[in-house]
Amino acid sequence: SQLSTTTMMNLSGLALALALTRSPVVAAAANQRALRADTVGLRSSNGMASYDEALGIPKCNSESTSCDTGALLNGRGEVHPEPNYPNTLDTTNCLDGISGGTSDESVDRIVVRSESGGYMTEEESVLITATVNCWADGWEEDYVYFYHASVQEAVNSNWNFIEKIQCTGGGLQNLTTPYTLPKGSEHVVRVSIRYVDSNDFTSNSGSCGIGSFDDNDDVAFTVVTATLIPNITQTLGPTAATTPEPSTTSPSSSPSTATPTPNPSLSTSASPSLTTSSSLQPTVASSLSPSMSRKPTSTPSLPPSVSLSPTSAPTNTPSASGTMLSPTKSPFILFTYGESLYRDNDLDIQISVGLTATQIAQSGSSVSYANGGQSSRSYHGMMDGAGIAELPGGGYAYLSNAEKSSGNGGVYGLYFNKDGEIIDYKALLTGTSRNCGGGMSPWNTWISCEEVGTGQCWQVE
């Protein structure tokens, strides 16, 4: 069969000879979108895309560290049936080629992920990895083109060219290219694999491969915008508007009962000092500021302090009464964990700024207890679903499924006292297989379910 006239005009020399000697198996010439019901309406979660019926392409609706199409793009048109093909925003003019078979060109998967490991954020770098199938007998003539745009730009066919990469061999392979996200929260990426290099690939009209063996696929995703990331220094630092000046009045045997002034002093104090650190301790000043509507208390009040330590002397200015908030429950933290990361070199991991991590157990090794002892059994492997159960009298148990097969699965408990120290490790359920998902019940019991054909759900008390 012959390639389209438009494609043939761009071919020359050896490339033309290769194109004309290739003998494709021509599939049915129906280009309309084939809607597969089992992929519609699936919820996007943990960076996995679901098919967006309005856009006609896979989309990740929530901010995440990555966006993965999974199997939603596997195949090409009707040749190797691709779910919901053509999976392009322009379903009229950007269609999949209809020649060849399952061993020919296709874009099977697209993953967009943050290069830093944090949430994908506007004006930061991301990596696009395309899983493509290149023609085994002529991969030297297969090229993969990468494009990006905002969703609105892409709907209007205004694409930005990123890079062209030649296939490195026949069959499935992963090709990766970086690019910097423009401003805005809604973005889309296009990957196009084409047989025979295209002369016109940087223009809007060249953003879609139109050859008989070409495959074009899009994926949309949502990223964090700068307006959603609060300024941590401003959030956690002291301000003149909310931090009362500590009193320097000498201690007295009884608290002062002077009538509050109608305008309490709110001048900025040089001490106690407050500096922003990796612990990201929140300020509670705004919840403890003086109130003109309250009378002096009968006992000295605590001055505003991040450490919430008591003062040795009462203050001249009465403070508002109320429940004091611990740092971990403060409503004043606007920072969302995951938006900024740092590397813990001791554990060789990245964690959110403001958090610390400690390794407390290792699969295959005994668990160390706070009293210096160790567990008689090794910590289980294939850890999966987990939950926290409160224990009578204080403390808690971390309940974890083991997704081992052949009756080697189960549920295990890591026990902590009220001070957060490890005191025990137990096997709570054994003899089951592939314990995967689970959840806490309203009665503080753990439900663990086997992920096998005849699996059961077990309640662990």
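Leaving aside neighbours within four places in sequence, Phe-146 is in contact with Ile-128, Ala-130, Asn-160, Phe-161, Ile-162, Glu-163, Ile-165, Leu-175, Thr-177, Arg-190 and Val-191, where contact means heavy atoms within 4.5 Å. The model is a predicted one, in which local features need pLDDT of at least 70 and side-chain atom pairs count only at pLDDT 80 or more, while totals for chains, interfaces and linings use all residues. Residues are numbered from 1 along each chain as its sequence is written, and side-chain values use heavy atoms, with hydrogens and water left out.

Phe-146, Val-191 and Phe-221 touch the most other members of the largest nonpolar core, which has 28 residues. A nonpolar core is a set of buried Ala, Val, Leu, Ile, Met, Phe, Trp, Tyr and Cys residues joined through side-chain atoms within 4.5 Å; buried means under 20% relative accessible area, exposed over 50%, and partly exposed in between (1.4 Å probe, protein chains only). At least two residues of this core come from each of β4 (106-114), β5 (125-134), β6, β7, β8 (171-180), β9 and β10, and β5 gives the most, with five residues. Strands are DSSP runs (E, at least two residues), numbered from the N terminus. Another core, of 13 residues, lies apart from it and includes Ile-57, Tyr-143, Tyr-147 and Phe-201.

## Aromatic pairs

Six aromatic pairs are found in a search of the whole structure. Rings of Phe, Tyr and Trp (its six-membered ring) pair if their centres lie within 6.5 Å; planes under 30 degrees apart count as stacked, over 60 as edge-to-face and the rest as tilted. Tyr-147 and Phe-161 form an edge-to-face pair, because their ring planes stand at 65 degrees, with the centres 5.6 Å apart. This pair links distant parts of the chain, Tyr-147 in strand β6 (residues 142-150) and Phe-161 in strand β7 (residues 160-166), 14 residues apart. Tyr-147 counts as buried at 1% relative accessibility, whereas Phe-161 is partly exposed at 28%.

The rings of Tyr-195 and Phe-213 have their planes at 75 degrees and their centres 5.8 Å apart, so this pair is also edge-to-face. Tyr-195 lies in strand β9 (residues 186-195) and Phe-213 in the loop between β9 and β10 (215-222), 18 residues apart.

## Charges over rings

The charged end of Arg-194 sits over the ring of Tyr-145, 4.2 Å from its centre. Lys-426 lies over the face of Tyr-415, at 4.9 Å from the ring centre. The criterion is that NZ of Lys or CZ of Arg is within 6 Å of the ring centre and within 35 degrees of the ring normal.

## Strand β16 and its partners

Five of the seven residues of strand β16 (residues 396-402) are buried. Strand β15 (residues 383-390) pairs with β16 in the antiparallel sense over six bridges; two strands pair if DSSP finds at least two bridges between them. The bridge partner of Met-383 in β16 is Ala-402.

On pairing with strand β17 (residues 409-416), β16 is again antiparallel, over seven bridges. Here Ala-397 stands opposite Tyr-415 in β17. The hairpin of β16 and β17 has six residues between the strands, and Ser-406 in the turn has a positive phi of about 55 degrees.

Notes
Helix = DSSP H or I, 4+ residues; strand = E, 2+ residues; numbered from the N terminus.
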